[in-house]
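The sequence and structure follow.

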Amino acid sequence: MLDKIDQFQKEFLQELEGVKNRGEINELRVKYLGRKGVIKSLLKQLPSLTVEEKRRLGGKINQLKKLVEKKLAEQEEKLNQEQPLTSQGEFLPHWPSQFGRLHPIEWMRQRVLNIFHHLGFVEFKGPHIENDWFNFAGLNIPPGHPARDLWDTLYLNQNDKKGNPLLLRTHTSNIQLRALEKYGVPLRVMAFDRCFRREILDPRHSHTFSQFEVLVVDKGINMNHLKWLSDYFLKEILGQVTESRFRPKYYPFVEPGVGVDAKCVFCNGKGCPICSYSGWFEIAGAGMVHPQVLKNAGIDPNEYSGFAWGFGPDRMLMLMTGVNDIRQFYQGDFQFLKGGR
Ligand SMILES: [Zn+2]
């Protein structure tokens with residue numbers, strides 16, 4: 001009987017080597033470990049033996065059983081690594097595997113915040129429903145100021161406790177006075193969040209959109225810092241081949257104000273269809289914080305200066321990914337989010 005056990009062990013190891021899939025592993029398991037399997041049939045013969053033989057052979061059979069269990073488990077693990085269950089699909093119904101992924105805007109948010117986090121910026125959250133002071137008047141845009149026409153604003157039909165009209169914030173700049181009031185100076189904050197405007201919807205305009213903005217206020221801050229930061233960020237996000245260019249631009253809460261262009265990364269500034277043959281993309285808006293805004297936050301503009309810098313992540317994403325309709329970022333279309341469209 002001892003020979004028989006050795007023989008079974010040899011056979012098992014040979015058969016195991018020829019195994020190619022989980023079905024065959026299962027067959028072996030049934031053959032050796034099943035209710036009518038090899039091990040059970042060996043054990044059945046034990047009662048007819050002497051006590052001494054029982055002990056010796058019983059131990060031997062047990063060793064064989066342990067070996068079979070261990071080798072089958074190892075082989076199964078090996079197959080799992082070589083052929084994941086979902087692709088082999090022998091025992092599972094054929095459901096396609098689906099992995100979650102970050103929404104493009106969230107992907108962008110994490111990327112941008114990370115870049116500025118390394119420069120010492122802290123995220124600051126402002127409310128989506130804002131009052132007129134923080135969104136407009138406090139930022140040097142008093143009621144009736146023609147600059148208000150730059151923003152098509154969605155007003156709520158009510159005022160806050162102090163009688164300020166409530167509205168859906170039109171930009172992330174509503175964090176400026178809030179952050180200065182909360183933390184004082186020196187200050188280095190950033191915001192990446194949703195803003196809202198009354199837009200006629202088209203592929204380039206959505207009533208809901210994202211903005212990113214940073215605000216720096218300290219002693220001795222000047223345009224050089226603004227230029228350095230623009231270059232640094234654009235190279236980090238678009239690649240080292242780009243660089244920034246400033247154009248004069250008007251925003252009521254900065255003086256001077258600039259439009260920030262990035263050199264086209266597709267043609268290296270030579271001009272191509274993607275950059276409308278200009279060699280540059282209009283990316284960001286920025287400028288030195290207007291002295292009146294600092295005064296509104298109770299800060300002496302003779303002692304402190306600062307800059308604000310912001311851009312539209314949606315537009316940047318469109319540029320980077322080739323998505324040609326901004327509304328797709330806000331519609332929750334599953335096909336689009338899976339990358340199928
Ligand atoms: Zn180009």
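Donors are N, O and S atoms within 2.8 Å of the metal (3.2 Å for Na, K and Ca); water is not among the atoms, so sites may look incomplete. The model is predicted: local features need pLDDT of at least 70 and side-chain atom pairs count only at pLDDT 80 or more, whereas totals for chains, interfaces and linings use all residues. Residues are numbered from 1 along each chain as its sequence is written, and side-chain values use heavy atoms, with hydrogens and water left out.

**Zinc site.** The zinc ion is coordinated at 2.2 to 2.3 Å by the atoms tabulated here.

| Residue | Donor atom |
|---|---|
| Cys264 | SG |
| Cys267 | SG |
| Cys272 | SG |
| Cys275 | SG |

The 4 donor atoms subtend angles of 101 to 113° around the zinc ion, which makes the arrangement tetrahedral (all angles between 85 and 135 degrees for four donors). The donor residues follow the spacing C-x2-C-x4-C-x2-C in sequence. Cys264 and Cys275 are both buried (under 20% relative accessible area, 1.4 Å probe, protein chains only).

**Strands.** Strands are DSSP runs (E, at least two residues), numbered from the N terminus. Strand S7 (residues 244–248) pairs with S8 in the antiparallel sense over 5 bridges; pairing requires at least two DSSP bridges. Phe246 stands opposite Val260 in S8, and a hairpin of 5 residues joins S7 to S8.

**Asp193.** Asp193 lies in strand S5 (residues 187–196) and is buried, with a relative accessible area of 14%.

Terms used: Four donors count as tetrahedral if all angles lie between 85 and 135 degrees; four count as square planar and six as octahedral if opposite donors are over 155 degrees apart and all others between 65 and 115; anything else is irregular. Buried means under 20% relative accessible area, exposed over 50%, partly exposed in between (1.4 Å probe, protein chains only). Helices (H or I, at least four residues) and strands (E, at least two) are DSSP runs, numbered from the N terminus.
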